[in-house]
Amino acid sequence: MYSSADYDQMAYQQMSPMEQTVYLLITIYFLIAGWKIFEKAKQPGWKAIIPIYNTYTLLKILGKPGWWLLLLFIPLINFIIMIIISLDLGKAFGKSTMWSVFLLIIFPFIGVSILAFSKAKYKKI
């Protein structure tokens, strides 16, 4: 029987070298953007690159209790929690709800880029 990590590895191996390169570049880009967002929120950037701990830290940045991390492991509930996190992240940077819906939920590549690399300032919620 295969673990989920085995399936991920098999899927990655089935990608062409070009697809693997694009996947790697997108992953690196989001790691850098996360690092910048964490630094703007007065947190060490390295916390953005550690799986699960980065989500816990993001919850703390947004003023949410740490146990919300457990809610992210519950199907359907995790979808709702991620929407709340996205909306609160936008609010923490002074963005409107509509801005967050369009640029953090629908087009996250654009929204995360704006939060990370623009002059957007973190405002504690």
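The side chains of Asp 88 and Lys 64 meet in a salt bridge, at 2.8 Å from N to O. Here a salt bridge is a side-chain nitrogen of Lys or Arg within 4 Å of a carboxyl oxygen of Asp or Glu. Asp 88 lies in helix α5 and Lys 64 in the loop between α3 and α4, so the pair ties together parts that are 24 residues apart in sequence. The structure holds 1 salt bridge. Side chains of opposite charge can pair when their charged atoms come close. Asp 88 is buried, with a relative accessible area of 9%. Buried means under 20% relative accessible area, exposed means over 50%, and partly exposed is in between (1.4 Å probe, protein chains only).

This is a predicted model: local features need pLDDT of at least 70, side-chain atom pairs count only at pLDDT 80 or more, and totals for chains, interfaces and linings use all residues. Residues are numbered from 1 along each chain as its sequence is written, and side-chain values use heavy atoms, with hydrogens and water left out.

## The chain as a whole

The protein chain has 7 helices and 0 strands. Its pattern along the sequence is α-α-α-α-α-α-α. Helices (H or I, at least four residues) and strands (E, at least two) are DSSP runs, numbered from the N terminus. The C-alpha trace spans about 45 × 30 × 30 Å along its principal axes. Of the 125 residues, 30% count as buried. The accessible surface comes to about 8400 Å², and 71% of that belongs to carbon and sulfur atoms. Accessible areas come from the Shrake-Rupley method with a 1.4 Å probe; for residues, only the protein chains shown count as cover. A contact means heavy atoms within 4.5 Å. Among contacts between residues at least 6 apart in sequence, 39% join residues at least 24 apart.

## The core

Which residues touch the most other members of the largest nonpolar core? They are Ile 37, Leu 62, Leu 89, Phe 93 and Leu 115, out of 26 residues in that core. Each of α2 (17–40), α3 (53–61), α4 (68–71), α5, α6 (97–106) and α7 (108–117) supplies at least two residues of this core. The largest share, 4 residues, comes from α5. A nonpolar core is a set of buried Ala, Val, Leu, Ile, Met, Phe, Trp, Tyr and Cys residues joined through side-chain atoms within 4.5 Å.

Phe 93 touches Ile 37, Lys 40, Leu 115, Ala 120, Lys 121, Tyr 122 and Lys 123, not counting residues up to four places away in sequence. Ser 86 is found in helix α5 (residues 77–92). Ser 86 counts as buried, at 14% relative accessibility. With residues up to four places away in sequence left out, Ser 86 touches Ser 100, Leu 104 and Ile 105.

## Helix α2

Helix α2 has 24 residues and reaches 35 Å from its first C-alpha to its last, close to the 34 Å expected at 1.5 Å a residue. The expected span is 1.5 Å times one less than the number of residues. Ala 33, Gly 34, Ile 37 and Phe 38 are buried in α2. An α-helix has 3.6 residues a turn, so residues three or four places apart point the same way. The buried residues of α2 pack against α3, α5 and α7. Leu 24 also has its place in α2. Leu 24 and Phe 93 are 69 residues apart in sequence and 28 Å apart in space, C-alpha to C-alpha.

## The surface

Met 18, Val 22, Ile 26, Phe 30, Met 98, Phe 102, Ile 105, Ile 106, Phe 107, Phe 109 and Ile 110 form a nonpolar surface patch with about 1000 Å² of accessible area together. The elements giving two or more residues to the patch are α2, α6 and α7. Patches are made of residues with over 30% relative accessible area and no salt bridge; like charges are joined within 9 Å, nonpolar side chains (Val, Leu, Ile, Met, Phe, Trp, Tyr) within 5 Å. Met 98 is found in helix α6.

Some accessibility values follow.

| Residue | Relative accessible area | Class |
|---|---|---|
| Leu 24 | 45% | partly exposed |
| Met 98 | 52% | exposed |
| Lys 42 | 71% | exposed |
| Leu 76 | 70% | exposed |

## Two positive phi angles

Most residues other than glycine have a negative phi, and most peptide bonds are trans. Lys 42 is not a glycine, yet has a positive phi of about 65°. Lys 42 is found in the loop between α2 and α3. Leu 76 lies in the loop between α4 and α5. Phi of Leu 76 is also positive, near 75°.
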